[in-house]
Each structure stands twice: as C-alpha cells, then as structure tokens.
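Open the model in your viewer and keep the selection tool at hand. This tour goes stop by stop.

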Amino acid sequence: VEKLDDQEWDDALEACYARVLRALIGACGSRERAEDGLQDALVAAWKPGVREQVQRPDAWLYRVALRAIRRARWRLRFDVKLTEDVRHDPEPSLDKVVALELLRRLTPRQREFVVARYFLDLSYREIAEHWAVSVSSATSTVAQAIARLRRDLEKEDDGWIRRSI
Amino acid sequence: MDPEKHLALELALENRLRVDLDALAVRPYAYYREAAVRRIAARPGAPFSFVRTGATIVVAVVVAVAAAFAVLKVTGPGPAASPTPTTSPAPTPAGFTLPPGCSYVGEPIVEQPVQTVVTTWYFNCGAAPDFQAIERLTPVFAQQGWTLCSIGQGRGTWWKGTLQTTVGQSAEGNPVLTQLARQSQDCP
C-alpha cells in the first residue's frame, strides 16, 4: 500500500467519515454512540503504522468504531452524564427512520454486515477480511438477515415492512 | 427463499438504507477531527504514558546515582557543583486553584502526544473514583474567570486566555485535570 502523508491521510478520512458515521448510526441505532465510536476510530487512525495497513479507510474506520462502541457499552453504565455537550446542535430523532426500524429487527452482527454490504458497498470478501470470518460466514449472515426480513414481511403481509420498502 | 424475491428484497433494502441513512445530517469533519485530537491530548488516566514516565524517572535516578558513586570513587569528594537549571512542570495549573478540601496527588505528568504540550495533574477531593468532580469544580472555574466549553461523557472543558483545561472523571482512580494551549477559538 502506498504510504500517505498526513495531509493525504486526513483527506482520505475526511472523504469517508460522513458515510462511515451514517453506517455506524445504522448499525448501533444511536447517533451519540456512533459519534463516540467514530472519534475513537479517528484517534486510532492517527496511531503510527496504521495507515500503511489500511486498504479501505471507510471499512477500517467502520470496523474499528464498532469495536470501540461495543467496548464502551459497559463503560457507559459508570459514566456520569451531567449535561449534553453545549456545542451540540439539536439532533433530529432517529425514531422515525424506517431503515433503522428495519435494522432493529436484526441481530447486532447481522446489522453490521447488512450495513457494510448494502450501505458501504463492501464485498463479502472485504467483510470477511475485516471481521476475520470466512467469506461463507459473511454471506450466510447477510442471507439470514434478508431471510429474517422476508419472514417478517410475509408474516405482516400488507403490513409495515411491505409499505416501507 | 426464492432467489428472485431474495434479490428484490436485497435491492429494496439497499435502496431504503441509502435513502434513509444518506439523509442523516452529520457535523463537519473538523468537529470530529478536533474531538479526536483533544481525546488524544486529554486522555484521562493515560496509564501507559504514566508507566513510561515512571520508568524513565527510575532509570534516570539509577543512572545518576551510579554516576555519582563512580565519580566519588575515582576522584573523591570535590567542591560542590554549581546548580544546573532544569525545566520541570508547573506544580499547579496556570490560572486555576483547587477549592479547599481538594489537593493534587503526586507529580504532574508532561506529555506531547501531538504538537501541543499537555500537562496532567491527578487530584483528590475526598473520593476516588469521584463522580462529582466536574460538578464540584464547575462553579470554581467560573469564579476564577474560566469559560465553559463543554461538559459531557465524564469530561468538562473550560478556557481562559490562551489556555484550556479539561477535568476528567472516570470509574477508576482519582479524577484528572489536564491543561494545554487552547486548540481553537470556539473552544474544543
């Protein structure tokens, strides 16, 4: 992999951060946790030796951020939240976002893979490499997710999912 | 599942994800970048740097003692050497004084994780972990002329002049107070 200087690396991260953040919101269902995970991933991205190993910054950020989000889950229980960050803009509610409602029906792993496959456009091979699973495992996880949505759709014939997608 | 239906559902799902997720507003990249830089600079605890600093001090002391013994053994005691000026971290943060009942714990730690020098003090106000540290210090910062930048996620940040100070509280150990040059005009 060609070594990027600081500016090129920063540009590469800037080019994909928004897409990664949206993917993270899809995968974890929370803007706050997604932003926290993205910041952790950006911190990790600036560690020495990282950029040389990264083929796709978006896939790498997504994977590292998801790990950080999972690690932070237990920690959040102990954090004392005093007030919201005063600089934060009012955030729109995610409750009404149909895609998120669909994704909530899936397991966390299924959500991660579905978003990686259909939103970030990662191939099954790329998913397999980043999550250290076999290609067949990645394929079957996504297939199970689709099947689950299909079952829900058939169960709710003319129902919510059919109207949604 | 019927392959055709499978594909149709895949396409529909893909389309729905693109439409909905792409519509979500995100903050500018600079916001996340600055937050990441601050997080590197003000990482509470910084256990490894603490260990590294500690190890450096121990090695330096051992080498100095060994050198002193070697000099004394070879030349015997001589005239007292003139004091060498040394740079050491400020014993307390600039422009901020802890309220009564609170005190600093141990020596401050100086790091330069990015381009800015960061100094970290551990302090104690009678409890460790201290989940009230930020709440307790918020009025103290205001009284001493500091402006609040942000509070949340176990961290509070204030600025005054060219300095910014962050207080971090966590579920482990004493809270920390970190001071560095102000990173941006709108505060971090």
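Chain B averages 73, and 66% of its residues score at least 70. This is a predicted model, where local features need pLDDT of at least 70 and side-chain atom pairs count only at pLDDT 80 or more, while totals for chains, interfaces and linings use all residues. Residues are numbered from 1 along each chain as its sequence is written, chains are lettered from A and ligands numbered from 1 in the order in which they are written, and side-chain values use heavy atoms, with hydrogens and water left out. The model scores ipTM 0.78 and pTM 0.54.

**Confidence along chain B**

Select helix α3 of chain B, residues 47-75. Confidence in chain B is lowest here, with a mean of 57. Then select helix α4 of chain B, residues 133-143, where confidence is highest, at 91. Helices (H or I, at least four residues) and strands (E, at least two) are DSSP runs, numbered from the N terminus.

Now pick residues 45-53 of chain B. Their pLDDT stays under 50, and the model has six contacts for them beyond four places in sequence; contact means heavy atoms within 4.5 Å. Residues 74-87 of chain B also stay under 50, with two such contacts.

**Chain B as a whole**

Switch to a cartoon view. Chain B has four helices and six strands. Along the sequence they run α-α-α-β-β-α-β-β-β-β. Among contacts in chain B between residues at least 6 apart in sequence, 52% join residues at least 24 apart.

Show the surface next. Chain B exposes about 10500 Å², and carbon and sulfur atoms supply 63% of that; areas come from the Shrake-Rupley method with a 1.4 Å probe, and for residues only the protein chains shown count as cover. Of its 188 residues, 37% count as buried. Buried means under 20% relative accessible area, exposed over 50%, partly exposed in between (1.4 Å probe, protein chains only).

**Aromatic rings**

Rings of Phe, Tyr and Trp (its six-membered ring) pair if their centres lie within 6.5 Å; planes under 30 degrees apart count as stacked, over 60 as edge-to-face and the rest as tilted. There are nine aromatic pairs over all chains. Select Y31(B) and Y32(B): the ring centres are 5.1 Å apart and the planes stand at 90°, so this pair is edge-to-face. Y31(B) is buried at 14% relative accessibility, and Y32(B) is buried at 0%.

Move on to F141(B) and W158(B). Their ring centres lie 4.0 Å apart with planes at 5°, so they are stacked. F141(B) is in helix α4 and W158(B) in strand β4 (residues 155-160) of chain B, 17 residues apart. Both are buried.

**Charges over rings**

A charge sits over a ring if NZ of Lys or CZ of Arg is within 6 Å of the ring centre and within 35 degrees of the ring normal. Select R19(A), over the face of F119(A), at 4.4 Å from the ring centre. Then take R117(A), whose charged end is 4.9 Å from the centre of the Y124(A) ring.

**Backbone stops**

Most residues other than glycine have a negative phi, and most peptide bonds are trans. Select A128(B) and P129(B): a cis peptide bond joins them, with omega about 0°. P129(B) lies in the loop between β2 (118-124) and α4 of chain B.

Finish with D121(A), where phi is near 65°. D121(A) lies in the loop between α5 (108-118) and α6 (124-131) of chain A.

How values were computed. pLDDT = per-residue confidence, 0-100.
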